[in-house]
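Hi,

Here is the structure I promised to pass on to you. Have a look at it first, and then read my notes below.

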Amino acid sequence: MIRRPFLASLLATAVAAPLVFATPPLAAQTAWPSRPVRIAVPTGPGSSLDLIVRAMSDKLAARWGQPVVVENKPGAGGMLGVDVAAKATDGHTLAIGFNGPIAFAPFLYRRMPYDPAKDLVPVIMTTSQPNVLAVNADKVPAKTVAEFVAWGKAQGGKVNYSSLGNGSSAHLTMELFLAEAGFAATHVPFNGSPPAAMAVAQGEADATFMVAPALLPHVRNNKVRMLAVSSAQRPESLKDLPTLASAGFPNVESLAWNGLFAPAGTPDAVVARVNADVNEVLKDPAVRQALDAQGLTVVGGSAADFRRAIDADVRRWGPVINRLGVKLD
């Protein structure tokens with residue numbers, strides 16, 4: 001349990017150095033891919049990252065003329081799966097990453113199995129989505145953010161919350177919210193969003209912050225109640241939820257992103273090929289509909305766009321993590 005004050009003004013004044021990612025060499029690879037392409041997913045089956053990769057995999061395989069092998073490797077807050085790409089030398093391995101093991105981990109861990117700035121090349125941001133504040137529908141009577149805060153303060157420190165892993169956007173968003181709201185709760189991390197959502201549905205955890213896909217089945221079964229989204233951007237499927245800003249917490253804003261990474265040293269031509277093909281697949285109406293139904297907003301864009309978004313996340317969340325004093329090793 002972490003109980004530390006948070007200075008909102010720090011967000012506007014503190015600056016963290018951006019990650020400077022390795023630039024791949026100019027060497028060209030003429031016949032890529034020449035073998036199956038592996039995409040490592042650092043979370044389990046049914047998670048939002050797993051859904052994204054599987055929604056794209058068949059269409060990418062058709063474009064590349066090679067199978068796309070999806071490999072789930074959850075653990076260590078996403079670092080195990082991302083490390084698959086960081087260590088790969090076969091020229092045909094990618095990983096889908098997210099805020100935690102890329103932008104947050106350098107502030108959370110003294111030692112990491114890879115250096116995000118040196119060992120990985122950002123290829124394309126696939127989607128982004130707000131974290132959703134959700135509660136167990138039976139144990140927690142709150143139907144609004146204000147009611148949840150009042151309920152939480154009345155529990156005398158006995159509230160707990162689940163997340164999809166240590167150092168994830170879900171974990172840090174809740175810690176930021178608790179600091180702003182003025183009450184304490186115990187963090188219970190899981191390997192991925194499906195088990196974290198299940199813990200709330202079954203009453204093992206009182207609340208959570210996470211992206212919507214794993215929550216939606218439990219919302220439909222009236223086991224989980226969603227209260228608010230953590231960003232001003234809301235996909236169509238979440239448009240009826242209020243934002244945390246409108247609920248009185250303008251400093252608690254977070255946007256979880258997902259995107260593909262390649263190992264450092266990947267030729268520019270291969271990065272450009274993957275970027276172009278994923279951009280085209282993300283335009284497919286069936287893919288867009290499948291992702292939007294899960295509360296995921298398609299992003300796309302260039303590799304440079306993705307790099308800038310990561311640097312912005314580092315500048316915003318590095319000072320927050322340091323101020324909250326969240327350390328994971």
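The model is a predicted one: local features need pLDDT of at least 70 and side-chain atom pairs count only at pLDDT 80 or more, while totals for chains, interfaces and linings use all residues. Residues are numbered from 1 along each chain as its sequence is written, and side-chain values use heavy atoms, with hydrogens and water left out.

Helix α6 itself spans residues 145-153, and its buried residues (under 20% relative accessible area with a 1.4 Å probe, protein chains only; exposed is over 50% and partly exposed lies in between) are Val145, Phe148, Val149, Trp151 and Gly152. Viewed down the helix axis, they fall within an arc of 165°, so they line one face of α6. That arc is taken from the directions from the helix axis to the C-beta atoms. Helices (H or I, at least four residues) and strands (E, at least two) are DSSP runs, numbered from the N terminus.

**The largest cavity**

There are three cavities of 30 Å³ or more in the structure. A cavity is a set of points on a 1 Å grid, over the protein atoms alone, where a 1.4 Å probe fits but cannot get out; lining residues have an atom within 4 Å of a point. Points are joined across faces, edges and corners, and the volume is the space filled by probe spheres set on them.

The largest cavity holds about 130 Å³. Its lining has 17 residues, with Ser48, Leu49, Phe98, Leu164 and Val211 nearest its centre. Elements giving two or more residues to this lining are α2 (48-64), α7 and β10 (255-263), and β10 gives the most, with three.

**Leu164**

Where does leucine 164 sit? Leucine 164 is in the loop between β6 (160-163) and α7, and is buried, with a relative accessible area of 18%. Leaving aside neighbours within four places in sequence, leucine 164 is in contact (heavy atoms within 4.5 Å) with Phe98, Ala170, Phe190, Asn191, Gly192, Ser193 and Ala196. Its C-alpha atom is 24 Å from that of lysine 153, eleven residues apart along the chain.

**The whole protein**

The protein has twelve helices and eleven strands. Of its 329 residues, 56% are buried. The C-alpha atoms fill a box of roughly 65 × 40 × 30 Å along the principal axes.

Enjoy exploring!

Terms used. 1 Å grid on protein atoms, 1.4 Å probe; cavity = no way out; pocket = protein on both sides within 12 Å on 5 of 7 lines; lining within 4 Å.
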